[in-house]
Amino acid sequence: MSPRPGPTTERCLLDRRSGQYWELNPTGTLVVRTLMEGGEEADAVDAVVAEFAVGHAQAAADVAALIAQLREAGLAA
């Protein structure tokens, strides 16, 4: 059993339909993990603010941009 990666670990997402990989930086990894664990967009913003040296407004913009990209690619609802 391997340890659960921390929020600063980079990860990849695989779109099984297209075979396309998405490489996520540590922030993206934290956002996607928060959403996959049932969190909402606001929860992801709060997690980013808590983990990284970034203000709430910038975190909110970054999270919204990532979610929009994931939705555009069909990887998020």
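Modeller: The side chain of Thr 34 reaches the backbone oxygen of Leu 30 at 2.8 Å, a polar contact (N or O atoms within 3.5 Å, one able to donate a hydrogen and the other to accept it; residues adjacent in sequence count only if both atoms are side-chain atoms). This is a predicted model, where local features need pLDDT of at least 70 and side-chain atom pairs pLDDT 80 or more, while totals for chains, interfaces and linings use all residues. Residues are numbered from 1 along each chain, and side-chain values use heavy atoms, without hydrogens or water.

Thr 34 lies in helix 1 (helices are DSSP runs of H or I, at least four residues; strands are runs of E, at least two; both are numbered from the N terminus). With a relative accessible area of 15%, Thr 34 is buried (under 20%; exposed is over 50%, partly exposed in between, with a 1.4 Å probe and protein chains only). Leaving out residues up to four places away in sequence, Thr 34 touches Gly 39, Asp 43, Ala 44 and Ala 47 (heavy atoms within 4.5 Å).

Helix 1 also has a partner: the buried residues of helix 3 pack against helix 1 (26-36), as well as strand 1 (11-15), strand 2 (20-24) and helix 2 (41-51). Those buried residues are Ala 59, Val 63, Leu 66, Ile 67 and Leu 70. They sit on the same side of helix 3 because their arc around the axis is only 100 degrees, taken from the directions from the axis to the C-beta atoms. Turned away from that buried side are the exposed Ala 57 and Glu 72.
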